Amino acid sequence: MKIRPIRGMNDVLPDDGALWSAVESAAQAVFDAYGYRQIRLPVMEHTELFSRSIGETTDIVQKEMYTFTDRSGASVTLRPEATASVVRAGLSHGLFHNRQQKLWCSGPMFRHERPQKARYRQFHQINLEAIGFAGPEVDAEVIIMSARIWERLGLESPRLELNSLGTPECRAGYREALQAYFSAAGDVLDAESRERLRRNPLRLLDSKDPRLRELIAGAPVLRGYLDDDSAAHFQRLTELLDDAGVAYTINPRLVRGLDYYTRTVFEWVTDRLGAQGAICSGGRYDGLVAQLGGRDTPAIGWAMGLERVVELMEEEGRRQPARPPHAYLVIAGDEARRRGLGIAETLRARVPGIRLTMDCAGGSFRSQLRRADRSGALLALILGDNELADNSLSIKPLREDLPQTLYSLEEAVAELLRVRDNSP
RNA sequence: GUGGGCGUAGCUCAGCAGGUAGAGCCCCGGAUUGUGGAUCCGGUCGUCGUGGGUUCGAGUCCCAUCGUCCACCCCA
């Protein structure tokens with residue numbers, strides 16, 4: 001029986017490696033520029049951490065977690081998201097004690113859902129978390145940072161949607177109003193929608209059911225239920241985004257799936273990834289730190305889906321150019337084969353940053369040269385008995401119609417330095 | 001969890017009144033005993049997803065099952 005990968009858990013193959021790195025380094029460059037520091041976290045936590053933070057009634061907790069009992073009998077869970085872990089780590093080590101933290105982290109997350117386009121059981125997120133800041137300036141900052149990442153990557157399709165959920169208190173009032181409104185509509189709702197109405201009526205607003213569209217359009221809007229502070233916070237945020245030139249649309253029906261969100265919520269969406277439009281989303285979670293046992297601490301963060309961004313890069317034709325070797329060392333003869341590795345080492349040491357591929361496959365001279373060509377290398381370095389005899393190296397340009405030249409090792413180093421400095 | 005599409009070589013795919021498996025790409029060797037890219041010649045690679053059924057005979061028809069993709073649900 002052939003060993004298969006686990007459903008929904010994908011291998012990122014070498015052809016995609018550069019694209020992934022490009023996305024990761026674009027994000028890291030932005031984090032550095034804004035003074036956010038990296039935190040690295042375990043992929044597993046006590047199950048309770050997630051059930052308490054994300055919310056017992058959410059789909060994530062109810063049916064999507066990879067939860068099992070470890071050998072000591074403890075219930076552990078592969079993290080379905082990172083924010084709870086960041087907060088837990090901060091509390092474990094006193095990082096939030098009388099101080100703020102600007103943090104980022106990345107890594108795999110796990111949700112047992114049915115895989116489909118841009119949705120997998122193991123997926124990767126980059127998270128940004130700013131903890132201990134109450135004002136709308138930090139809301140604007142984290143959103144601007146995400147916009148800068150799209151800029152660096154050359155992505156054009158992401159659109160920003162914004163909303164405010166207010167405080168838990170005003171949300172409760174809104175919730176009642178929604179329940180009253182939808183209950184009055186009565187039999188238009190199917191059993192599933194009724195269940196949602198009972199448990200989390202805000203989610204009904206997200207429904208794609210065309211029969212509900214009209215009903216949803218007429219539903220009360222959360223903004224009418226915002227308290228003055230939340231309304232002012234949101235107003236100020238929109239002004240800051242205007243000042244920064246970050247475009248957004250206010251989507252009064254944007255609610256998020258995790259229970260801990262308060263006030264600002266936002267989502268970067270694209271129409272180029274099928275049914276999965278959200279590539280980065282987040283919001284304020286002012287109650288979470290206290291809820292997990294810390295002091296009352298405001299916080300905001302976002303999570304970016306790496307697979308989604310990578311796929312979007314491909315959709316938008318932003319594939320990374322390959323980084324072929326500068327030079328490919330071709331060997332003729334047994335003695336040259338014996339010495340080749342050492343010469344390659346010398347060249348790499350003398351020409352820092354050179355990308356030099358050694359042909360380790362052997363075979364005929366002809367096929368080695370063919371591999372040199374197909375590797376995309378600019379130069380073939382040729383080492384055979386002739387070259388060994390007088391400590392020289394032949395260099396054959398593969399991308400230009402120039403003659404092959406026999407160089408001393410010193411001259412070859414100079415030539416490689418020149419090529420290194422004149423190519424990407 | 002529900003629905004639909006698709007499973008033939010490493011990759012892209014052809015094969016179908018049911019007659020015992022092919023092409024291109026890739027890889028290797030050669031034409032050119034140390035010279036790539038174009039051309040030509042040759043070669044390696046398949047339990048036709050798996051199991052059962054119908055049939056003299058199944059890649060082809062039927063059933064089941066697994067996988068995969070897309071969508072619903074939900075979300076990054």
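Buried means under 20% relative accessible area, exposed over 50%, and partly exposed in between (1.4 Å probe, protein chains only).

## What you're looking at

This is a predicted model, where local features need pLDDT of at least 70, side-chain atom pairs count only at pLDDT 80 or more, and totals for chains, interfaces and linings use all residues. Residues are numbered from 1 along each chain as its sequence is written, chains are lettered from A and ligands numbered from 1 in the order written, and side-chain values use heavy atoms, with hydrogens and water left out.

## A buried strand and its partners

Helices (H or I, at least four residues) and strands (E, at least two) are DSSP runs, numbered from the N terminus. Let's start with strand S14 (residues 379–383): 5 of its 5 residues are buried, so the rest of the structure largely encloses it. Leu379, Leu381 and Leu383 point one way, Ala380 and Ile382 the other.

Two strands count as paired if DSSP finds at least two bridges between them. S14 runs parallel to strand S12 (residues 327–331) over 5 bridges, with leucine 329 opposite leucine 381. Strand S15 (residues 392–397) is antiparallel to S14, joined by 4 bridges, and here isoleucine 382 has serine 394 as its bridge partner.

## The whole sheet

Zoom out and you get an open sheet of 5 strands with mixed pairing, in the order S13-S12-S14-S15-S16. Strand S13 (356–358) and strand S16 (405–408) are the edges, each pairing on one side only. The twist averages 30 degrees from one strand to the next; axes are lines fitted to C-alpha atoms, for helices over the stretch in contact, and angles run from 0 to 180 degrees between N-to-C directions.

Helix H12 (residues 334–350) packs on the sheet, touching S12, S13, S14 and S15 (contact means heavy atoms within 4.5 Å). Helix H15 (residues 409–421) packs on the sheet too, touching S12, S14, S15 and S16, and its direction makes about 110 degrees with that of S16.

## Salt bridges

A salt bridge here is a side-chain nitrogen of Lys or Arg within 4 Å of a carboxyl oxygen of Asp or Glu; the count comes to 19. One of them joins arginine 88 and glutamate 45 at 2.5 Å, N to O. Arginine 88 sits in helix H4 (residues 83–92) and glutamate 45 in strand S2 (residues 44–46), 43 residues apart. At 7% relative accessibility, glutamate 45 counts as buried, while arginine 88, at 22%, is partly exposed.

Glutamate 410 and arginine 350 form another, with the closest N and O atoms 3.0 Å apart. Glutamate 410 lies in H15 and arginine 350 in H12, so the pair ties together parts 60 residues apart in sequence.
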